[in-house]
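These are my notebook entries on a structure that I had not examined before. I set down what I looked up, in the order in which I looked it up.

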Amino acid sequence: MNALLFYSTLGIYCIATFIYLVYLLKPREILGRSAHWLIAAGFLIHCAFTVIRYIEAGHTPITNLHESLSFFSLAVVGVFIAFERKYHVFILGSFVTPLAFLLLLASSLHSSAIPLLPPALKSKWLLVHSSLAFLSYATFAVAFGAAIMYLIQEHFLKKKRLGPLYQKLPSLVILDEINYRCLTFGFPLLTIAIITGAIWAETAWGTYWSWDPKETWSLITWFIYAALLHGRLTTGWRGKRAAMLSIIGFCVMLFTFLGVNLLPSASLHSYDRLLGEKYR
Amino acid sequence: MNIVVVGLSHKTASVEIREKVAFAPNRMEKPLKELAGLPDINEGLIVSTCNRVEIYASTHDIAGGMARVKRFLADFHNISLDVLEPHLYSHHGEAAIRHLFRVASSLDSMVVGEPQILGQIKTAYGYAAEYKTSGIILNRFLHKAFSVAKRVRTETKIASSAVSVSFAAVELAKKIFGDLTDKTVMLIGAGEMCELAAKHFLNNGVRGVMVTNRTYERAERLAEEFDGRAVRFEDLFDHLHKADIILSSTGATHFIIGAKDVEAVIHRRRQKPMFFIDIAVPRDIDPKVNDVENVYLYDMDDLQGVVSSNLQLRAEEAKKAEGIIDQEIGRFFNWLSLLEVTPTIVALRSRFEEVRQAELAKTVAGWKDLPPDGQKRLEALTSAITNKLLHPPTNLLKRTGQGGRIDLYVDALRQLFELETVAPQEENLDDLEE
């Protein structure tokens with residue numbers, strides 16, 4: 001039953017992504033509108049999947065890569081829908097939904113078996129810490145999409161190449177504002193996620209901060225976005241500079257999420273090691 | 001019944017001729033009533049704009065109707081027809097329908113795709129409706145033209161891009177700033193282009209205007225006109241940071257604004273974007289200014305480039321629009337030709353029915369031992385006969401539709417069966433259109 005929900009979400013995201021990409025090339029408003037409703041339907045099914053998974057597993061379904069990638073994808077779509085509603089920029093979907101689809105596709109490649117949780121993870125903090133972290137990741141993902149759009153549009157305006165895509169992309173100010181709004185939501189969320197993580201670490205492992213690679217990289221991500229926000233508020237880092245930093249921040253964040261698993265040194269957060277051999 | 005159009009436009013007549021035959025917009029009653037009162041003319045409509053004067057009419061007599069309309073146009077404006085004739089074009093039937101559809105869709109405009117013409121035709125139709133000079137045919141015709149124009153507008157991108165330099169500048173500003181309502185424009189120097197562009201920006205909601213000029217008095221005068229404030233030319237760089245959009249057209253022979261100046265200004269503005277429009281030749285603003293972050297500089301050539309690529313886009317879209325018009329002409333022409341045969345069909349049917357009823361009444365009255373169900377049977381028999389007989393001619397008339405022979409058939413039927421002319425009624429025509 002739940003597998004059906006998962007794969008129908010995957011299918012819907014795939015079709016919506018395809019329509020959004022066609023919308024990039026063909027100037028038909030109906031395409032943007034239909035993709036918009038499709039992705040909303042996909043989001044609801046995805047929500048249902050996540051809730052059922054929570055009930056079935058008996059814990060917050062953000063414990064292995066299958067669950068995390070799926071939750072990340074869900075959060076990206078949720079944040080994207082909120083921003084699309086607010087700013088009426090259908091074309092944002094052409095840059096964000098492919099990401100959500102790829103995340104869910106990656107999730108589908110991992111085993112969907114419900115993992116047994118080690119005692120360290122059995123905590124209410126799992127829900128708070130992980131979901132906040134992924135919500136902040138999702139806002140950074142939308143900021144990343146808006147930043148890419150900004151750079152494209154800025155390039156068109158500077159080089160005076162005003163083709164069909166230029167016509168379709170929104171104004172620089174709107175794109176810059178979406179980037180900024182994402183930051184003002186995402187940064188506090190990331191901050192709280194790191195703090196709750198530290199508290200949880202204290203209760204589970206007895207120390208607030210152990211310079212585990214995941215923790216270190218989270219801090220680097222946090223500093224990048226802190227610098228961006230600070231630059232923005234004081235010296236007016238907007239436009240191209242903000243867009244580029246936002247892209248760098250997203251890449252670092254992605255590494256924090258996935259790349260840390262690939263590091264040779266053991267991380268307490270590594271999704272495979274997290275569960276330990278005997279629990280698999 | 002036929003539709004004819006007689007008129008002249010920017011394509012056939014110079015402005016000197018056009019202004020002579022223009023109709024004053026608020027005095028349309030007299031010309032419209034005179035037009036509709038002409039013999040052979042059933043309905044009339046006058047479209048008069050600065051680029052065209054056109055008269056649409058419905059008539060039974062194409063050649064006579066056209067001649068009368070031409071004569072009316074010349075006489076009404078006291079011009080000799082010989083002077084006017086070379087500038088006039090006239091169409092009838094399908095060509096007249098195509099003409100209005102193209103005009104309403106702005107395919108015949110001086111600037112293809114400009115949106116005003118549709119409104120002007122709607123106004124013209126409003127007058128004709130008000131003074132009751134448009135009837136069943138022109139009503140339908142104009143409504144069809146409006147819906148065709150709407151289709152063209154929504155299904156093609158014919159009107160989606162700016163085709164004048166000042167509009168192009170406004171569109172670019174919208175892509176940079178989004179909303180223009182809290183933006184300030186600065187005019188450096190004066191000139192027609194500069195003022196025109198400034199007006200466009202004001203029409204698009206720009207909040208403030210600053211004007212500077214080497215002659216302070218001129219700056220003051222212009223500032224007054226735009227309800228803005230004048231700035232001394234020497235103080236330009238003390239005020240530049242307050243402007244979001246800068247329009248420059250001085251007569252200077254060297255650059256008056258360099259990249260270094262703009263870097264300082266943008267820093268002062270905390271990187272809020274600026275849009276420089278340099279309409280001066282030779283240029284006022286160093287092209288390197290475009291390399292400064294968050295600054296966009298467009299000179300006259302750049303804007304012309306935008307305009308000409310938009311014009312090219314419009315030309316491509318115009319082809320699509322012609323396709324839409326082709327489809328719609330077919331539909332409307334069908335309706336029009338059915339309109340012509342419907343009264344004949346109705347008259348023919350009622351003629352047969354009359355004869356049947358009369359003969360039936362006579363027979364029943366003189367039949368003493370008529371069985372109880374006899375009258376019913378006679379009814380059925382006679383209506384079956386008339387219906388069978390009427391079926392082929394009715395079908396033939398409907399199928400013939402457009403084409404020259406229709407008049408022949410209608411005429412023949414009317415003479416053969418001594419039919420009276422029945423004016424078509426609006427309500428029973430709606431279901432005729434396919």
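Predicted model: local features only at pLDDT ≥ 70, side-chain atom pairs only at ≥ 80, totals over all residues.

**Entry 1: a helix pair in chain A.** Angles over 145 degrees count as roughly antiparallel.

Entry 2: I next turned to helix α9 of chain A, residues 239-257. At what angle do α5(A) and α9(A) pack? The angle is about 140°, and the axes are 8 Å apart. That makes α5(A) oblique to α9(A). Here, too, I recorded a left-handed crossing of α5(A) past α9(A).

I listed the residues that meet. From α5(A) they include A:Phe140, A:Phe144, A:Ala147, A:Leu151 and A:Glu154. From α9(A) they include A:Lys240, A:Ala243, A:Ile247, A:Phe250 and A:Phe257. By class, the contact of α5(A) with α9(A) holds 14 nonpolar, two polar and two charged residues.

**Entry 3: the domains of chain A.** I looked up the domain assignment, which divides chain A into domain 1 (1-115) and domain 2 (129-280). Their C-alpha centres lie 19 Å apart. I found 23 residues of domain 1 of chain A in contact with 23 residues of domain 2 of chain A. Which helix gives the most to the domain 1 side of chain A that touches domain 2? It is α3(A), with eleven residues. Both α3 (65-87) and α4 (92-108) of chain A supply at least two residues of that side. I counted its classes as 19 nonpolar, four polar and no charged residues.

**Entry 4: chain A as a whole.** I recorded ten helices and zero strands for chain A. Its radius of gyration is 19 Å, close to the 19 Å that the globule rule gives for 280 residues, so chain A is as compact as a globular protein of that length. Along the principal axes, the C-alpha trace of chain A spans about 60 × 50 × 30 Å.

**Entry 5: chain B as a whole.** I then moved to chain B, which has 15 helices and ten strands. Its radius of gyration is 32 Å, whereas a compact globule of 434 residues would have one near 22 Å. I noted that the C-alpha atoms of chain B fill a box of roughly 115 × 50 × 30 Å along the principal axes. The domain assignment of chain B gives domain 1 (2-155), domain 2 (165-293) and domain 3 (332-432). I found the C-alpha centres of domain 1 and domain 2 of chain B to lie 43 Å apart.

**Entry 6: where the chains meet.** Finally, I asked how many residues of chain B are in contact with chain A. I found 18 residues of chain B in contact with 15 residues of chain A. On the chain B side, α8 (165-177) and α13 (300-365) each supply at least two residues. I recorded the classes of the side of chain B that touches chain A as five nonpolar, six polar and seven charged residues.

Technical notes:
Residues numbered from 1 in each chain as written. Chains lettered and ligands numbered in written order. Contact = placed C-beta atoms within 7 Å. Helix = DSSP H or I, 4+ residues; strand = E, 2+ residues; numbered from the N terminus. Nonpolar A, V, L, I, M, F, W, Y, C, P; charged D, E, K, R; others polar. Domains from an automatic or database assignment. Rg over C-alpha atoms; globule rule 2.2 N^0.38 Å. Axes fitted to C-alpha atoms, helices over the stretch in contact; angles between N-to-C directions. Parallel < 35°, antiparallel > 145°, perpendicular 65-115°, else oblique. Left-handed = near helix turned anticlockwise from the far one by under 90°.
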